Structure formats: C-alpha cells, structure tokens
Amino acid sequence: MPEYRPVKPRVIAKQLRLGEDETVELKRVIKRLVKAGQLAWGPKHLIEAVAPRGVVAEAGSAPAKADKLRKPAADRVSGVFRRALGGFGFVRPSSAPRGADRSFDIFIPGPSTRDAASGDTVLVRLRPDRRGRHDKLEGEIVEILERDTHQFVGTYFEQAGRGFVQVDGTVFQQPILVGDPGAKNARLDDKVVFEMVRFPSPRHDGEGVITEVLGPRGTPGVDTLSVIREFGLPEEFADDALAEARVQADRFDEALGDRVDLTGDTIITIDPLDARDFDDAISLVRLENGHWRLGVHIADVSHFVQPKTPLDREAHNRATSVYLPDRVIPMLPEIISNNLASLQPDRVRYTKSCFIEFTAEGITVAADPANTAIQSKRRFTYEEVDDYLSDRESWRAKVTPAVHQLLADMHELAMILRARRMKRGALELSMAEIKIDLDAEGRVRGAHRVLNTVSHQIIEEFMLAANDSIAEFLRAHDLHFLRRIHQAPDPRKMKILTEFVGELGISVERLEDRFELQQLLQQVAGQPQEYAVNYAVLRSLQRAIYGPADEGHYALASECYCHFTSPIRRYPDLTIHRLLDAILKHKKPVNDLGALQLLGEHCSEREQLAEAAERELVKVKLLHYLSSRIGEEWDAVVTGVEEFGLFVQGLEIPGEGLIHVSSLDNDHYRFDRRAHSLVGNLPGNAFRLGDRVRVSVYRVNVERRELDFRLVQRAGRTEKHIELRPANQRQKTEHKKTERKKSNPKGKSPSDRRKPRRN
C-alpha cells in the first residue's frame, strides 16, 4: 500500500481496537510475517513493508544483494541472528528468499553483536564498503527487535560465594550470574531453568534468575526435561481441553449416523512394533473390470476436534506431536489420540476414507472421499507382514482367507504404484536411519538400523496415493488448502552438486534434470560413492514446508500434494479433513488464503522445532552413553567438511562429532569448498563428504553438547568411474504422452472430467 507509513505494533493494535490477548497474537503474526519476508523491522521497532521475495532472489553478487536488501532505510536490514563459537555471528535477512543459502548472510564481528542471542530478530546497519568472513556483507547490530526466548537451561555451580549457571550448548560462552539461588533450593550440579534478566554482551556479563530446579545432572529423566524446557515444548494440556475431550468420550456411542458403513469390510492396519498412534487402515478389492479399488481409511479426528474449541486451540498451538526417544508429547489428549481416534481392532471407529480406483497398470481413474465407519479386522506390525511375504503358506493358518488375500493384493498393487512413481522421476535417498535403544530408565543401551522393507513400502505407497488424490480433489474444487510443498533445488546448488560428483569420478550432464538426478542415485547404490552422493544430494535439496502455494512436491514428483493421513499428530492434516467434511456435507468451506499462509508458517516452524528437539535429546543421551567409552573405536562416515575439520557419524551408533583439523597432524590440509574436501599435500591425503573412516572417542562434553573424535585410520577408497547414460528427453516426452492417453482414454479435457485430475 503506497500510503502506508511505518508504525509500531502497538499503534496497529490501537487502530484495530484490539484487547490485550489479541495484541499478543498480533505481535506473533507480525513476527511470522517478518520471518516470511512479507514485513520487515525498521528503526525504532517500526513495521515496514518489503518488496516481493523474487527481487532479492535475483540478486547475484554480494554488492547487488546489498542494494536489494537496503529497504526501506538505505543501510539497515532486519533478520535472525546466529552466534558462532568465536563470539562473532551472522544475520539471515528477513527479505532473503525461502531456502536461501549462506551467501545471503551478513557477517557481524564480535564487538558489534551487542547482547544478541542466537534466534533473536535484530536490526543491522550494513557496512557496504566492507566484507567480513568469506567475502560476506558486514554489519553491526543496532537494535534487538525481538528476543527468541528469555528462558534457558543449564548446570548450577558456585564460585567465590556466588551462584552461576553454565548454559547448555554453545549459546553463551560465559556462565550467567543467577542472583539468589536459595529461593529455589538449587544445589551444585543441578540442572536448572532460569530467566535471563540481562543478556550478556561484549561489554557486560549476563544476569538471570532461577525459575525451576529440574534435578541433579545425569539423573535419568532430567536430560529429557532439560530439552523440553530448552525448546519450550508443551507438556500438560489445559484443563478446559481435557474437559472437552472427556465430554467427547461420553458422547461417543459408535452409532453410524449418515456415515458409509464399512464395518463388514476386510480392513487392516499395519504399523511399527513400537507405534504410538494408529490412525490409518487399508482395504483393497479387485473390481469386475479388472481395476483395483483401494480404500485408505484415516481416523476422523475432525469429528471430535471442532474449530474454535479448547481442543482445537491446543492442537493449533502445538501443531504437531513431538516424538522424543523416551516419550511422546502428543498434539491431542490421549483420550482422543489413543482411544476415540485410534483404529483399534474389532472396535467401530469413525474415519475419513479415500477410495481410489486404479487400472490394472496402476493408473488412477477415479478418487472419492467419504465419511465412513470401519471395524479393523487385524492389526499387523511391519515385521509380521515381512514374515508373511517371505512365507505366505505358513500364514494361512494364522489369518482368515480374506485377510490372507488382502495382504497378497496389497503387495501386488503397491509394487505397481512404486514402479510408476519411480518412472515419473521420484527421488529416493539411501540414508540408513539408526535409532537408539533405551533401557527402562531412559539410558542408551545400544542402537539399531531401521530398515525400509517391503512392508514399509506397501504402506508408504498407499499413503502417498491418498495424499495425492485428496490434494487433486481439493484443487478440482478450486479451494485454497495447506499443501505439503517441496520446491525444486536451487540451480546454483545443483551446479555445485554436479561439480562435486564429477570430483568423485562420476560423469553427469545436468543434475537440474530430475531423471538425471534419479539415475545418479540408482547407479551409485552399493558403490563406494554411495554415501558421498546421497549426503551431497540431501544437502542440495530444499526443506519441505506447509503453505497454500501451488508449487508441488519435487522429491515425490507430485504436482499437487498435501498431508491427509495423520490428523492425530499433524494439524495440517486436520485442516484438510475439515475442508473435506464441508464439501461432503455441502457446506461452504472457510477459505482464507492469508490465514492459510500464516498457518502454514506456524505449522512449519513447530515441525522444525519438534525435529530439532528430538535431535538434541538423542545427542544428549548419546553423549551420556559415550562419556564412559573414551577410547572406543567406531566405523564412521564423513557427514560434513569444514575448514576446521570433519564431522563424522558412527555407522552403528549414530553419534556425530568432530575430527578437528589440528589433530590431523601428518600433513597440512586445505579446505576445498567445491569438492566438500580437506586436501593434504601428500598424495592420497584427502577427506571428503561420504568417506568411510575409523575413529576413536576422544572427548565428550555433555553440557556443551560436544563430541570429539580422533582418526584411527581411513577406510580404503576404491575409485570406480561411473558413466551415466544421458537422459533420453524424447523417450520421457513420449512416456508422458502415453500416460495422458491412458488416463484420459476418451479424449476429454481435464475440465470435462468429474474426477480430480491426475498428477
């Protein structure tokens, strides 16, 4: 709006006549808009408009970026600060494009960081004629616009008669004075939560006040509480939400109402052995015309969680369940998630079903959602289904003939769908997932690999098919909805990836072509270069997020995709169920594009926070485990290369730590950023991303979350030149034409068809 003049948030609240609670929510919305690059903080905490993202994204050189970022004040920009170990830091501008790389960051020298902490939103004055590290723009922080948090966790100790807390991690290098710890009865080596009263800066020390004592350091369970407090994760549900959940339980009587009755159909669930929620079930039949009719039945959480209720408020604020190694912090009370909406065998349960009709070749010809009621006939684990697939005859005595046939049909269709998905260019990284095993007290006792077996692939294909079909259904109704967006990789990153794989001896043409990238992943499978290529590809891809933009899902090769299959644990899925409910009941859906944009950002942030908390707690538990195993040797893989050393992760125990370059004392190493390598002067002395190495545990610091390794020996690297066949563009074009004919045999245009358009 040209007539807009920058004002403070409280002025906007006053003009809108907002109350206190609404003003707090307004500030949260403004913060999300700033992070999304749609608004910017100006001098004196004024809210300023910004140019579209694309303007910044086109900036190439650092000086050009500086010109684009200087708005509306010529030399000031707002962004999120991250402090480095050396006391200096970097600011990612709010106006930087989504998924921008480090080249957009502004370097802040140590003396110019003020008292900013990592995660704070700050205002930076640019120094356009100066460059910081790595030729970055340089600036100084002139104002802290918004604190990310005032609450921190650390270990209490005393010095010279005064109480201090050493904050966990590397957020603050120096301990924080905590005034009178006696008020909370803190003892030496207790883990405590404290509120920062004065943030530390290069000019003065920090001060805080203890608000909670979690317990002695190292005591079972204290590590989990520490991470929960550190990340501000919710725990107990509000009383009104619990009361409403109990009311829903009292009302539920398994009456079908106007739902489609599927209680007599053969329907089963397949989940992990340690699954914590059960919200999806499968049915499958062959039709007389030779087609398949797949039913994906998802717990109808929307029946119990209505908009603008206490339950909805809790679900919205949490946005996702958090899966920590030793507990779950659910999005919904257990009365809902583990009972009313849990698809338990032999119990009538309400579901939203997606019925998809496929040809014998796996081509979608119809997709219909419905409000249904099911009664699961059997709960399977993945291990049981894998056992069935390896010896089907032995299972005839264990299950009914209908269930036995259903499993066989599911396997057949799923493999057809999987082959088709790969044919259209879907990407699949070979990254072994390692999960830690805990004892009864929550201590690590080992780890195991999570194998992606055929049983996993069966469920994965059916869930993907349902998500695809529901997204197409909603798009066919011209509705805005929360999509699961995975943008195509940045061409600059793909160019770097192309150069990197060339350094590995792999000849490629254009990795911007998804089929060329897919072929690369397939041809390095089982080869010495597999680790290196998979890690490099992962680093080159964007992060998937939620939002209403029609941008598709790159990795899945899907033009239109949403999350429909897990409303117990993901709020975006719940919003999709509500839209379907409105359509099925012939009501007008709520379709506010602006609100969806903000909701998508909120859900994306909460998802990323949950993932970060899980990673951090796994790291803490592993560090406790390794603290008594100094000198133990591991096989490991290089997961990151920096000028100061190598990050490596164990192949059997997933601890990630650093081999500092100073410990590689047999040579002088230089950092090759393009090749993700440390290269020595002696022949063959080089380490790169994906290399296998043998390491020993050298040093563990649980409080600082640091693990140091020492190199024992490097695994022998067998180079093998791989020549990728050029992707045949004509063949791909003909394939697409053939698919269009098969999916539209009568030659009707997509607008003429009643069913949603296929991807």
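I take buried to mean under 20% relative accessible area, exposed to mean over 50%, and partly exposed to mean in between. The model I am reading is predicted.

**Entry 1. Helix α6**

I looked up helix α6, which runs over residues 239-251 and has 13 residues. From its first C-alpha to its last it reaches 19 Å, close to the 18 Å expected at 1.5 Å a residue.

Which residues of α6 are buried? I noted Ala 241, Glu 244, Ala 245 and Gln 248. Viewed down the axis of α6, these buried residues fall within an arc of 105°, so they line one face of the helix. I set beside this the general rule that an α-helix has 3.6 residues a turn, so residues three or four places apart point the same way.

I then turned to the face of α6 directed away from the buried side, and there I recorded the exposed residues Asp 239 and Asp 250. What covers the buried residues of α6? The cover includes α7 (301-304), α8 (310-318) and α9 (334-340).

**Entry 2. Cysteines**

I searched the whole structure for disulfides, and the count is 0. I checked Cys 560 in particular: the closest cysteine sulfur to its own belongs to Cys 562, at 7.1 Å, which is too far for a bond. The cut-off that matters here is 2.5 Å between the two sulfur atoms.

**Entry 3. Positive phi**

Most residues other than glycine have a negative phi.

For Asp 189 I read a phi near 70°, a positive value in a residue other than glycine. Where is Asp 189 found? It sits in the loop between β10 (176-177) and β11 (190-198). With a relative accessibility of 37%, Asp 189 counts as partly exposed.

For Ala 557 I read a phi near 55°, again positive in a residue other than glycine. Ala 557 lies in the loop that joins β26 (545-547) and α16 (571-584). I classed Ala 557 as buried because its relative accessibility is 16%.

**Entry 4. The largest cavity**

How many cavities of 30 Å³ or more are there? I recorded 4. The largest cavity holds about 100 Å³ of space.

I listed its lining next, which comes to 13 residues. Lys 191, Asp 223, Ser 226, Val 620 and His 624 lie nearest the centre of the largest cavity. Both α5 (222-230) and α17 (593-626) supply at least two residues of this lining. The largest share, 4 residues, comes from α5.

**Entry 5. The second largest pocket**

Which elements give two or more residues to the lining of the second largest pocket? I noted α2 (20-35), α7, α8, β19 (348-358), α16 and α17. Of the elements lining this pocket, α16 gives the most, with 6 residues. I also marked a link to Entry 1: α7 and α8, listed for this pocket, are among the elements that cover the buried residues of α6.

Conventions: Residues numbered from 1 in each chain as written. Predicted model: local features only at pLDDT ≥ 70, side-chain atom pairs only at ≥ 80, totals over all residues. Heavy atoms only, no water. Expected span 1.5 Å × (residues − 1). Buried < 20%, exposed > 50% of the residue type's maximum accessible area, 1.4 Å probe, protein only. Arc of directions from axis to C-beta. Contact = heavy atoms within 4.5 Å. 1 Å grid on protein atoms, 1.4 Å probe; cavity = no way out; pocket = protein on both sides within 12 Å on 5 of 7 lines; lining within 4 Å. Points joined across faces, edges and corners; volume = space filled by probe spheres on them.
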